[in-house]
Amino acid sequence: LAAGGTLTLVSVHCSSGIALDDQACRKKQLEQVFVDMGDGEPAASGEINIILGDFNTDPGRAASFDVSAAHFNTLAGPGKRFRFLSEVGKEAKPTYAGVINIDHALSDVLTGSCWSAGVTPGHPAVIKAKYFDHNPLVCTVSKP
């Protein structure tokens, strides 16, 4: 970082699918990010961490039927070390296929918020054509 210190960025792309095996795999992948990569340390083990990407689950909407989403809520959220910078919850505007939120940004130190072009009010789509099922997040973060 320009002001000193380091930033650890963890880019995530968890397994997709709704089968129980898919959910169990995603749960293990979340464990690697937040708890232990297999070497006793989580992937997010720096002094300042940001975790972002396609988690392929919605902890705000899917926790009642997806064990990985339920587990995600034990690892991140209000009162936890890692907090969501992206919107999470049943009221969050869906950024994936107009139905759910599977793209997330979290941090243990940084604060801020995210928006999505063509989804978040006040942020129009960049182009009219629709090529992807995801709408990327744009986050503004700062160190408190």
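User: Where is the place of Val 126?
Analyst: Val 126 sits in the loop between β5 (111-115) and β6 (138-142). Helices (H or I, at least four residues) and strands (E, at least two) are DSSP runs, numbered from the N terminus.

User: What kind of model is this?
Analyst: This is a predicted model: local features need pLDDT of at least 70, side-chain atom pairs count only at pLDDT 80 or more, and totals for chains, interfaces and linings use all residues. Residues are numbered from 1 along each chain as its sequence is written, and side-chain values use heavy atoms, with hydrogens and water left out.

User: Back to Val 126. Buried or exposed?
Analyst: Val 126 is exposed, at a relative accessible area of 75%. Buried means under 20% relative accessible area, exposed over 50%, partly exposed in between (1.4 Å probe, protein chains only).

User: New topic, helices. How do the axes of α1 and α2 cross?
Analyst: Helix α1 (residues 20-34) and helix α2 (residues 67-75) have axes that come within 8 Å and cross at roughly 20°. Therefore α1 is roughly parallel to α2. Angles under 35 degrees count as roughly parallel, over 145 as roughly antiparallel, 65 to 115 as roughly perpendicular and the rest as oblique. Axes are lines fitted to C-alpha atoms, for helices over the stretch in contact, and angles run from 0 to 180 degrees between N-to-C directions.

User: Which residues of α1 and α2 meet?
Analyst: From α1: Gln 23, Ala 24, Arg 26, Lys 27, Leu 30, Glu 31 and Phe 34. From α2: Val 67, Ser 68, His 71, Phe 72 and Leu 75. By class, the contact has six nonpolar, three polar and three charged residues.

User: Which residues are buried in α2?
Analyst: Ser 68, Ala 69, His 71, Phe 72 and Leu 75. They lie on the same side of α2, because they cover an arc of only 160° around the axis. The arc is that of the directions from the helix axis to the C-beta atoms.

User: What do the buried residues of α2 pack against?
Analyst: α1, β3 (83-84) and β4 (103-107). Contact means heavy atoms within 4.5 Å.

User: Backbone now. What phi does Gly 77 take?
Analyst: A positive one, about 130°, just after α2.

User: And what about Asn 56?
Analyst: Asn 56 is not a glycine, yet has a positive phi of about 55°. Its place is the loop between β2 (49-54) and α2. Asn 56 counts as buried, at 17% relative accessibility.

User: Where is Ala 97 found?
Analyst: In the loop between β3 and β4. Ala 97 has a positive phi of about 55°, although it is not a glycine.

Note on methods
Ala, Val, Leu, Ile, Met, Phe, Trp, Tyr, Cys and Pro count as nonpolar, Asp, Glu, Lys and Arg as charged, and the others, Gly among them, as polar.
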